[in-house]
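This report walks through a few local features of one protein model. Keep the structure open while reading.

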Amino acid sequence: MQFCVQSLESVSSTNDVIKQAIEAGEPEGLAVRALRQTAGYGRQGRAWESPIGGLYQSFLLRPDVPFAQLPTLSLLVGLAVRRAVAGLVPDLASRAQVKWPNDLVVAWEVPAMSGVAEDDAAVGGGATAVAAEDACEASIAPAAQVGEADAAASAAGTASAPRPFLKLGGISTEVHAKALCVGVGINVARPEGQPHDAPAGKNIPVYLDELGFCEGPVEQRIAAVSEALCSQLAQLYPQWCAEGFAPFRAEFDQHAALTGRFVRMEDLSGNALAAGTVVRTAADGRLVLRAADGSEIFANSGEAHIRS
């Protein structure tokens, strides 16, 4: 397939434009990007500014697939984003990772920062809207393997974990009028005046210009990232429609940020559901955890938050 890209100067949200196109009966394949958003929003309606410096792009998709397959689309788009940025910045081939279920991160140890906590609201400057039904977030323990004592400490909230990842982007999937609005946000260039330290409750962002993708005007770099993403998604999406997520599971696990790390699952009210070490991603997109007793737990992205 091939995407038809509309490039706009400023919009309330690229998701809003796609939703209007869905309601108007537009076919799938439309992609809308904007240099800035005036009313970007995230999980549970959290709002933020979207200044020039990020790729803010949304896609209109109408996949003819079983409903149970839809949760894996965020994972597939995550792979497309990872491929796109790795192609533009060779150093990211080994460092760019997908963090279940809908984030792109860079594996890069940084010192623990006082007052910085993982949250789901920001993609750097606020790049993309995240579907309410996709209400998951992830903090991670400091080592790839943790003992039962460390796991218990993390589950009790007594461990102090450093932040080994920097957030480069995020993905949303929203069902709207029997179609899908897929939003992608990627931090391309740090906006002027943007602090390097995230405020309390936010992720620590990183930008492609800080990773080596810094030549030419920012508008041209944003367009290049958009083109690379559209190219990758145009290759992966038709196969996903025909074969589901199974053909992509090995690639996802190869670049999965949470594998080998202890996580704690919570519902939207903060009630603990399960805890364990991430071992793999299931073919249906669920996260597979190994509990302390050796049993496996299958985590659904629509039922839990993840916190360290």
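## Aromatic pairs

Two rings of Phe, Tyr or Trp, with the six-membered ring used for Trp, count as a pair if their centres lie within 6.5 Å. Planes under 30 degrees apart are called stacked, those over 60 edge-to-face, and the rest tilted. The model shown here is predicted. By this rule the structure holds 3 aromatic pairs.

One of them joins F3 and F59. The ring centres are 5.0 Å apart, and the planes stand at 65°, so the pair is edge-to-face. F3 sits in the segment before β1 (4-11), while F59 belongs to strand β4 (residues 54-61). The pair therefore ties together parts that are 56 residues apart in sequence.

## Packing of α2 and α4

Two packed helices are described by the angle between their axes and the distance between the axes. Helix α2 covers residues 73-88, and helix α4 covers residues 218-243. Their packing angle is about 140°, and the axes are 8 Å apart. Angles over 145 degrees would count as roughly antiparallel. The two helices α2 and α4 are therefore oblique to each other. Their crossing is right-handed.

Which residues of α2 and α4 make the contact? From α2 come L73, L76, V77, L79, A80, V81, R83, A84 and L88. From α4 come A224, V225, A228, L229, Q232, L233, L236, Y237 and W240. By class, the contact of α2 with α4 has 16 nonpolar residues, 1 polar and 1 charged.

Strand β9 (residues 262-266) pairs with strand β10 (residues 272-281) in the antiparallel sense, over 5 bridges. Within this pairing, R264 has A275 of β10 as its bridge partner. The two strands β9 and β10 form a hairpin, with 5 residues between them. G270 lies in the turn and has a positive phi of about 90°.

Strand β10 also pairs with strand β11 (residues 287-290). These strands run antiparallel and are joined by 4 bridges. V278 has L289 of β11 as its bridge partner. Here too there is a hairpin, with 5 residues between β10 and β11. In its turn, G285 has a positive phi of about 95°.

## Backbone exceptions

Most residues other than glycine have a negative phi, and most peptide bonds are trans. Where does the model depart from this? A cis peptide bond joins W100 and P101, with omega about 0°. P101 is in the loop between β5 (96-99) and β6 (103-107).

For A177, phi is near 50°. For K178, phi is near 70°. A177 is in the loop between β7 (165-176) and β8 (179-187). K178 is in the loop between β7 and β8 as well.

Conventions:
Residues are numbered from 1 along each chain as its sequence is written. This is a predicted model: local features need pLDDT of at least 70, side-chain atom pairs count only at pLDDT 80 or more; totals for chains, interfaces and linings use all residues. Side-chain values use heavy atoms; hydrogens and water are left out. Axes are lines fitted to C-alpha atoms, for helices over the stretch in contact, and angles run from 0 to 180 degrees between N-to-C directions. Angles under 35 degrees count as roughly parallel, over 145 as roughly antiparallel, 65 to 115 as roughly perpendicular and the rest as oblique. A crossing is left-handed if the near helix is turned anticlockwise from the far one by less than a right angle, and right-handed if clockwise. Contact means heavy atoms within 4.5 Å. Ala, Val, Leu, Ile, Met, Phe, Trp, Tyr, Cys and Pro count as nonpolar, Asp, Glu, Lys and Arg as charged, and the others, Gly among them, as polar. Two strands pair if DSSP finds at least two bridges between them.
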